[in-house]
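Have the viewer open and follow along.

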Amino acid sequence: MSTAVDTALGFEPHRAWLRGLAYRMLGSQAEAEDAVQDAWLRWNGADVAAVQNPRAFLAQTVTRLCLDRLKSAQAQREHYVGPWLPEPMVETLAAGDDPALAAERAADVSVAFMLALERLSPLERAAFLLHDVFDCDFAEIAEALGRSPAACRQLATRAREQLRSERPRFRPRADEARRLLDAFEQAIASGDATRFKALLADDVRFVSDGGGRIAAARIVVEGLERVTKTWLGFAGKHPPPPGTGFERMRINGLPGLVVRGPDGVVIQTVAIETDARQHITAFYVVRNPEKLRGL
């Protein structure tokens, strides 16, 4: 077997795991893919035969690459126009999904959780993700972050305390999600404010990310009346053109819609968070074309 094949075989089993780590660090699938590709180039140039623990080596490499990228990303986000949301992670809303498995798989990519990660320092985020989400031990994390195991433990503990309440507690089954999305689409199409309000929690939030490139609310809209006015007002001013398609999907683990124009290009994604009574507690709408190109 050639050296190139050996190198690839040592890397490929870890690619999806590394991509998941990088996405949670960066909030961008495109940047996550770039970080993993950069890690591949470094792996390809390393003496891989001498690497005793490939996963630990690659986790260290990707983490350091992500920390470097976060420095420039944080500077850019200081000047970002309107609310920032992560790039959508889209999966099919499969009828046969095991609810427990779907919830576990999606818990750490929900939009609220990804936004909470943004409030952590880069080192806190890395320590928490590597330990609590990706099961690395603190000795490995210390190598990746250039800190002592004790310091990394403290970083993860601080992050955990800040994130304790951020993972979604309620996740509807696929059939429940479809009913909710049907009712949502029908309420929007009808333009009936009473019908629309019946779907919403009193403290509902509307977060839209246009990045200053396309029409979107530039603040977080909160409350039943204000969210209703915003949604129905926007739908009235900007009705979807004939031929627009609506695909029911899971978006960052939440029920959602991928909206495509007549030309097949994605116009926006809408992720919906719910409570135990199946009232909508939050809308997360990504309209920034830069964040939709991958779809």
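What volume does the largest cavity have? Keep in mind that this is a predicted model; the computed volume of the largest cavity is about 50 Å³. Two cavities of 30 Å³ or more are found. To locate the largest one, select L85, P86, P88, V111, I251, N252, T269, A271, Y284 and V286, which line it. The elements contributing two or more residues to this lining are β6 (266-274) and β7 (280-286). By class, the lining of the largest cavity holds eight nonpolar residues, two polar ones and no charged ones.

Now move to the second largest cavity, with a volume of about 40 Å³. Around it you will find A56, A59, Q60, L130, C136, E140, I141 and A144. Here α4 and α8 are the elements that give two or more residues to the lining. This lining is made up of six nonpolar residues, one polar and one charged.

That brings us to α8 itself, which spans residues 138-145 and is mostly covered, with six of its eight residues buried. Those buried residues are F138, E140, I141, A142, A144 and L145, and they pack against α4 (54-77), α7 (122-133) and α9 (149-163).

Finally, look at the two ends of α8. At its start, a side-chain oxygen of D137 comes to within 3.1 Å of the backbone nitrogen of A139. Just after the helix, G146 adopts a positive phi of about 70°.

Notes. Residues are numbered from 1 along each chain as its sequence is written. This is a predicted model: local features need pLDDT of at least 70, side-chain atom pairs count only at pLDDT 80 or more; totals for chains, interfaces and linings use all residues. Side-chain values use heavy atoms; hydrogens and water are left out. Buried means under 20% relative accessible area, exposed over 50%, partly exposed in between (1.4 Å probe, protein chains only). Helices (H or I, at least four residues) and strands (E, at least two) are DSSP runs, numbered from the N terminus. Contact means heavy atoms within 4.5 Å. A polar contact is a pair of N or O atoms within 3.5 Å; within protein, one must be able to donate a hydrogen and the other to accept it, and residues adjacent in sequence count only if both atoms are side-chain atoms. On a 1 Å grid over the protein atoms alone, a cavity is a set of points where a 1.4 Å probe fits but cannot get out, and a pocket is an open set with protein on both sides within 12 Å along at least five of seven lines; lining residues have an atom within 4 Å of a point. Grid points are joined across faces, edges and corners, and a volume is the space filled by probe spheres set on the points. Ala, Val, Leu, Ile, Met, Phe, Trp, Tyr, Cys and Pro count as nonpolar, Asp, Glu, Lys and Arg as charged, and the others, Gly among them, as polar.
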